[in-house]
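Q: Could you take me through the surroundings of the ligand in this model, please? I'd like a close look at that one part.

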Amino acid sequence: MASKLSAAFRALAFGLVALFAASSLPALAQQPTSVNPTAQSVKEEQLLQALKPGAPVAGRISIPDKQAANLIQPGRDWRAFNQETLPRLGAYSLIGIAILLAVFYMMRGKIRIDSGLSGMKILRFGALDRFTHWLTATSFIVLAITGINVTFGKIVLAPVMGPEAFAAWAGFAKLVHNYVGFAFMAGVLLTFLIWVKDNIPSAVDVQWFAAGGGLIGKGHPPAKRFNGGQKIIFWSVVVGGFLLSLSGWHLLFPTAESIEHVQWQATLHGTTSFVMIAIIIAHIYIGSVGMEGAFDAMGSGEVDLNWAKEHHSLWVEDVMKGKRPAGHAAPQPAE
Ligand code: HEM
């Protein structure tokens, strides 16, 4: 009796399975056959190409964080920029400025004080000027080194250092970059505040450029406290520094932004950095080995009188006549 019952159950179960299989066959046959996800020929790239370029691959979610619905974030264009275009732009700007300076040095040599050293000194930059300059300069150099590491470190350093040492260095460099950014922002703000009045473009600058700025050709065109070339450096630092600070701030605190917004800020940050690094390398060259007597202005703060007369004749006249103080002194403590 029991064996008859179990045989009947087995027959019933078999019948149900057969019925289910038969009813689902037409449905399976109706599935689209153009993409077979298990086929060897279906590559991730093919699937991505089929989507709108740059669009996220998104699903549906019921939690408040809408970003979490994106299985693949938008930004293949940005990735290509970051991994190919930016390193190329960076390499061109660094190699380009090095070649330009080498050619300039070969043609012009070190710019000498034509009338020789006078032995007399004139205060060019007071303590506040120099503090501001070195705050901006040291923070910029640290940021440039730790920032370049993001673009070139993996290509240049990682193969030499090995993956573990590079990972440790890159983590440290990122931390330093994040914090030193605030010192740079303060430096740029101070630079703007203390020097803006001497950096308003004027007709004197046009004459200065027309005469080759004393860098090309002979003679020294007249200049006030800052000449036309220095005004370009000043405005590059102020405008470039502002853009770097703004985009850097968004990268440090991205919580409320969309992913496209953050990518746009990163593009602005990277591009501005390389343009500024090239400009500043030229500035460092002229302010140190490229011109006799220039470094003293930011070293001791005092320059040789003949240097000042050659490069900033109108400024020297104003200081001599007592029309203006030479530099910004440090604030004096209250008596
Ligand atoms: C080791 C690196 C550097 C050296 C040796 C150097 C040297 C100098 C010197 C000598 C001056 C005064 C020129 C004069 O008497 O008129 C100067 C001015 C200035 N420096 Fe630097 N500098 C360096 C790095 C930087 C950096 C990294 C920045 C900004 C990111 C910067 C921004 C400026 C600005 C805005 C001025 C005033 C405008 C001008 O003179 O071009 N410097 N620097």
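A: Happy to! The residues of the shell around the ligand divide into 15 nonpolar, 5 polar and 1 charged (Ala, Val, Leu, Ile, Met, Phe, Trp, Tyr, Cys and Pro count as nonpolar, Asp, Glu, Lys and Arg as charged, and the others, Gly among them, as polar). This is a predicted model, where local features need pLDDT of at least 70 and side-chain atom pairs count only at pLDDT 80 or more, while totals for chains, interfaces and linings use all residues. Residues are numbered from 1 along each chain as its sequence is written, and side-chain values use heavy atoms, with hydrogens and water left out.

Now to the iron atom of the ligand: His133 and His283 coordinate this atom through NE2, at 2.0 Å (donors are N, O and S atoms within 2.8 Å of the metal, or 3.2 Å for Na, K and Ca; water is not among the atoms, so sites may look incomplete). The site is octahedral, with angles of 87 to 179° among its 6 donor atoms (six donors count as octahedral if opposite donors are over 155 degrees apart and all others between 65 and 115). Histidine 133 belongs to helix α4 and histidine 283 to helix α9, so the pair ties together parts that are 150 residues apart in sequence (helices are DSSP runs of H or I, at least four residues, numbered from the N terminus). Histidine 133 is buried, at 16% relative accessible area, whereas histidine 283 is partly exposed, at 30% (buried means under 20%, exposed over 50%, partly exposed in between, with a 1.4 Å probe and protein chains only).

Terms used: Tetrahedral: all angles 85-135°; square planar, octahedral: opposite > 155°, others 65-115°. Helix = DSSP H or I, 4+ residues; strand = E, 2+ residues; numbered from the N terminus.
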